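Please look over the sequence and the model shown here. The paragraphs that follow go through the ligand site and then the helix packing.

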Amino acid sequence: MTQDEMKKAAGWAALKYVERDSIVGVGTGSTVNHFIDALATMKADIEGAVSSSEASTQKMKALGIPVYDLNSVDRLSVYVDGADEINGHMDMIKGGGAALTREKIVAAVAEKFICIVDNTKQVDILGEFPLPVEVIPMARSYVARQLVKLGGDPVYREGVVTDNGNVILDVYNLKILNPKELESQINEIVGVVTNGLFAKRGADVLLVGTPDGVKTFTAK
Ligand SMILES: O=C(CO)[C@H](O)[C@H](O)COP(=O)(O)O
């Protein structure tokens, strides 16, 4: 089974968490693209979606799924999104696709975060994947120096501008033993919009595509 087939299996498995007549929070990435394909098959049964990126918005609109502005929505029962890494406590690193800030906002509103991954994303300790940090452009060098003080090696993601007009620093060589603490520490640096640690708001349900089928984990 290929990695993409495992992503697809996880994406389609998320469909059963979608409530009829609801507005669904939708993340970003190749795994979510499979979920969007699945969601399109029940577009007549949902009210629509709130999107975490321009890319997901375009894909949903092309498939005829109505996309709403988050400010016009007061309830999201589920948010479905992928991750770059996830540990056994359901803490994640996200932002490989540079959509971390909008993802964190939509996830904060949703009652349940359904994380969909293939089995290569499961780790014991977060940090092998470089941690994305969204930064206001004029603060880039200052923030990079502060990230070095926290023990990381930040690298500017050249040529990438986020949907919010900001830049991304990818922080290498962090062995993240306390994700909640590091999430707060990085967010306190002036000029940081947010970072890709999703620990304060981790996943509630994890669907992992594996060669033996989709495995389901639930937060304790
Ligand atoms: O956080 C994300 C985008 O900002 C994605 O969820 C993450 O990068 C995983 O992507 P993929 O499903 O393509 O492996």
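Which backbone atom of T28 lies 3.2 Å from an oxygen atom of the ligand, by element? A backbone N or O atom of T28 lies at that distance, where a polar contact is a pair of N or O atoms within 3.5 Å; within protein, one must be able to donate a hydrogen and the other to accept it, and residues adjacent in sequence count only if both atoms are side-chain atoms.

This is a predicted model, in which local features need pLDDT of at least 70 and side-chain atom pairs count only at pLDDT 80 or more, while totals for chains, interfaces and linings use all residues. Residues are numbered from 1 along each chain as its sequence is written, and side-chain values use heavy atoms, with hydrogens and water left out.

Side chains also reach the ligand. A polar side-chain atom of D81 is 3.4 Å from a ligand oxygen atom, and an N or O atom in the side chain of E103 is 3.1 Å from an oxygen atom of the ligand. In total, 17 residues surround the ligand (a heavy atom within 4 Å). The closest are S30, T31, D84, G95 and K121.

S30 and T31 also belong to the contact between two helices, α1 and α2. Helices here are DSSP runs (H or I, at least four residues), numbered from the N terminus. Two packed helices are described by the angle between their axes and the distance between the axes. The axes of α1 (residues 3–13) and α2 come within 8 Å and cross at roughly 45°. D4, K7, K8, G11 and W12 of α1 meet S30, T31, H34, F35, D37 and A38 of α2, with contact meaning heavy atoms within 4.5 Å. These residues divide into 3 nonpolar, 4 polar and 4 charged.

Helix α2 (residues 30–40) also packs with α3 (residues 54–62): their axes come within 10 Å and cross at roughly 25°. α2 and α3 are therefore roughly parallel (under 35 degrees). Here V32, N33, I36 and D37 of α2 meet S56, K59 and M60 of α3, a set of 3 nonpolar, 2 polar and 2 charged residues.

Notes: Axes are lines fitted to C-alpha atoms, for helices over the stretch in contact, and angles run from 0 to 180 degrees between N-to-C directions. Angles under 35 degrees count as roughly parallel, over 145 as roughly antiparallel, 65 to 115 as roughly perpendicular and the rest as oblique. Ala, Val, Leu, Ile, Met, Phe, Trp, Tyr, Cys and Pro count as nonpolar, Asp, Glu, Lys and Arg as charged, and the others, Gly among them, as polar.
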